[in-house]
Amino acid sequence: MATKKVKNKVKKVKPKAKIKKAKKAAVKHEKKIVIDTNKLLKLEEARKYVIDVAGEKGLEVFEFLISKGEMEENMLAKKLKFEKANAIRKFLYRLYNKNLVSYRKVRKNNKAWYTYFWKANPEKLVFIIKEMYEEEIKQTKKSIELNKAEDFYVCDICNRRYDVNEALQNDFRCKNDGGVLTHIESGKILEDKQSRIDFLNKKLHALDQLVK
Ligand SMILES: [Zn+2]
């Protein structure tokens, strides 16, 4: 094989003005979504998700930020009775990793350090749970389709099984004894899956109701 050197260095130059413009547009399009946080925090799945991410203490931080709005980090630590301001960061970062909180840093009076202001993003929690439900619905629908393909026929005399093609070829009569082939659908399984989908759709609807 001939050695050919391919130059695939891609230069991506974005003029600064363009970036600024894009950023501005992004901010403009970010619509503020208001969530009924009282209802949200009562949802078991919402609480469970936050606890899985950041523990019981993390949920406490999240709930507190929701109730108080934006708060400076040291104040937040003090209010929640953390021994050191540092101790609360562990929880804030875990929440931050899932976008459940965000921060704003401010340098005061030209001091060398920043002051951090944290706020909760309850709308992100709604989106995350919605996505989880939507994904499960998608997977369940897929498995319903697969189950349908596994439908079969069974002889009413000897119980021999036939797949759809076989049954067709034999005019829906058993090869052994001429018994009638009855269509068996994996009915119960499909029913269960469908009711799970209905249940999740109701949950999704309830989540939509949280958006004011
Ligand atoms: Zn038979």
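This is a chat about a predicted model of one protein chain.

User: OK, what's in the protein chain, in terms of helices and strands?

Analyst: You'll find eight helices and six strands. Starting at the N terminus, the order is α-α-α-β-α-α-β-β-α-β-β-α-β-α.

User: And how confident is the prediction across the protein chain?

Analyst: The average pLDDT is 85, and 83% of the residues score at least 70. Helix α3 has the highest confidence, with a mean of 96, while α1 (residues 16–29) has the lowest, with a mean of 51.

User: What about residues 1–14?

Analyst: There pLDDT stays under 50, and the model has one contact beyond four places in sequence for that stretch.

User: Let's go to α3, then. How far apart are its end C-alpha atoms?

Analyst: They're only 22 Å apart, although α3 has 25 residues. A straight helix would reach 36 Å at 1.5 Å a residue.

User: What comes just after α3?

Analyst: G69, which takes a positive phi of about 80 degrees.

User: Switching to sheets: what's the strand order in the one with β1?

Analyst: The order is β1-β3-β2, an open sheet of three strands with antiparallel pairing. β1 (71–72) and β2 are at the edges with a single partner strand each, so one side of each has no neighbour in the sheet.

User: Which helix packs on that sheet?

Analyst: α3 does, touching β1, β2 and β3. The direction of α3 makes about 90 degrees with that of β3.

User: How many bridges join β2 to β3?

Analyst: Seven, and the two strands run antiparallel. As for residue pairs, R107 stands opposite Y114 in β3.

User: Now α5. How does its reach compare with what's expected?

Analyst: α5 covers residues 85–97, and its 13 residues reach 19 Å from the first C-alpha to the last. That is close to the 18 Å expected at 1.5 Å a residue.

User: Which residues of α5 are buried?

Analyst: I88, F91, L92, R94 and L95. In general, an α-helix has 3.6 residues a turn, so residues three or four places apart point the same way.

User: How many bridges join β4 to β5?

Analyst: Three, between strands that run antiparallel, with β4 covering residues 152–155. The bridge partner of V154 is R161 in β5.

User: Last one: what share of the protein chain is buried?

Analyst: Of its 212 residues, 16% count as buried. Looking at contacts with a separation of 6 or more, 60% are between residues 24 or more positions apart.

Notes:
Residues are numbered from 1 along each chain as its sequence is written. This is a predicted model: local features need pLDDT of at least 70, side-chain atom pairs count only at pLDDT 80 or more; totals for chains, interfaces and linings use all residues. Helices (H or I, at least four residues) and strands (E, at least two) are DSSP runs, numbered from the N terminus. The expected span of a helix is 1.5 Å times one less than its number of residues. A residue is buried if 20 or more other C-beta atoms lie within 10 Å of its own, exposed if 12 or fewer, and partly exposed in between; C-beta atoms are placed from the backbone. Two residues are in contact if their C-beta atoms, placed from the backbone, lie within 7 Å. pLDDT is the predictor's confidence in each residue, from 0 to 100. Two strands pair if DSSP finds at least two bridges between them. Axes are lines fitted to C-alpha atoms, for helices over the stretch in contact, and angles run from 0 to 180 degrees between N-to-C directions.
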